[in-house]
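Work through the exercises below with the model open. Each task is followed by a stepwise solution.

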Amino acid sequence: MKLLKPVKLLSAVTILISGYTSEAQPGTGWAYAAVTPWRLYKISQHGGGVTTGGIVWFPSHTGKPGRIEHSQIHFIDVLPTINELLGIQTNPETEGESFWPLIQGKEWERKNPLYFQFMDNRAIRTPEWTLAEVDEAGWELFHIKTDPLENENLAAKNPEIVFKLQEQWQKWWKKDNGKEEYQPQSTKNGEHYAPQGDRGSGILYIPSAMPEKLKTKNNQ
């Protein structure tokens with residue numbers, strides 16, 4: 001790739017407010033509200049746990065400015081993108097893919113799956129499918145091109161796709177962790193976390209403002 005000259009790399013200033021009171025937890029209700037309409041929230045590997053917005057600003061180099069893109073981009077893609085911009089060869093062993101064509105307004109779709117895991121939550125994501133698990137309660141399969149909010153679990157209808165994606169995830173896990181078997185730390189015994197599955201495995205969330213009659217009904 002021809003190096004853009006001159007290249008101006010803009011620095012960003014991030015202000016972090018730190019201290020023993022800075023890790024306030026807004027509660028389950030606000031956690032759900034903050035990620036609406038995505039499913040689940042922080043630490044899960046479903047949409048609500050791994051989806052966040054981003055802004056790209058690169059004057060005179062951004063193609064079709066003002067557009068909204070829905071392509072899957074991960075933090076691991078930043079280095080390969082900057083390398084391509086600067087004309088630097090990225091080490092083939094480096095995870096991540098350059099999304100420089102996307103910034104330019106061109107067609108772009110990632111070639112390799114994205115892998116996720118935290119405690120007993122895990123997922124593998126491709127441009128077409130997401131295979132995810134929460135609370136070690138079993139794989140759920142979603143066709144994200146028609147069901148981006150992960151409402152309909154298609155695992156039972158597509159066992160061959162589940163098997164293929166699971167094998168890919170297991171291969172990644174073994175390579176990155178050096179372990180043959182996946183034995184996650186359970187959120188059931190976690191000091192800071194609790195099961196959050198919304199289909200039976202997690203703790204049922206009941207808003208504090210809900211009338212007592214409805215609370216009782218939901219607990220039955």
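**Exercise 1.** Over the ring of which residue does the charged end of Arg-122 sit?

*Solution.* Start with the source. This is a predicted model, in which local features need pLDDT of at least 70, side-chain atom pairs count only at pLDDT 80 or more, and totals for chains, interfaces and linings use all residues. Residues are numbered from 1 along each chain as its sequence is written, and side-chain values use heavy atoms, with hydrogens and water left out.

Apply the rule next: a charge sits over a ring if NZ of Lys or CZ of Arg is within 6 Å of the ring centre and within 35 degrees of the ring normal. The ring is that of Trp-169, with the charged end of Arg-122 4.7 Å from its centre. Arg-125 sits in this way over the ring of Phe-116, 5.9 Å from the centre.

**Exercise 2.** Classify the ring pair of Trp-169 and Trp-173.

*Solution.* Rings of Phe, Tyr and Trp (its six-membered ring) pair if their centres lie within 6.5 Å; planes under 30 degrees apart count as stacked, over 60 as edge-to-face and the rest as tilted. For Trp-169 and Trp-173, the centres are 5.5 Å apart and the planes are at 10 degrees, so the pair is stacked.

Now place the two residues. Both lie in helix α5, four residues apart, and about one helical turn separates them. Helices here are DSSP runs (H or I, at least four residues), as are strands (E, at least two), numbered from the N terminus.

**Exercise 3.** Locate Thr-187 and list what it touches.

*Solution.* Thr-187 is in the loop between α5 (159-177) and α6 (212-219). Its relative accessible area is 1%, so Thr-187 is buried. Take contact as heavy atoms within 4.5 Å. Leaving out residues up to four places away in sequence, Thr-187 touches Ile-43, Met-119, Asp-120, Asn-121, Asp-135, Tyr-193, Ala-194 and Pro-195.

How values were computed
Buried < 20%, exposed > 50% of the residue type's maximum accessible area, 1.4 Å probe, protein only.
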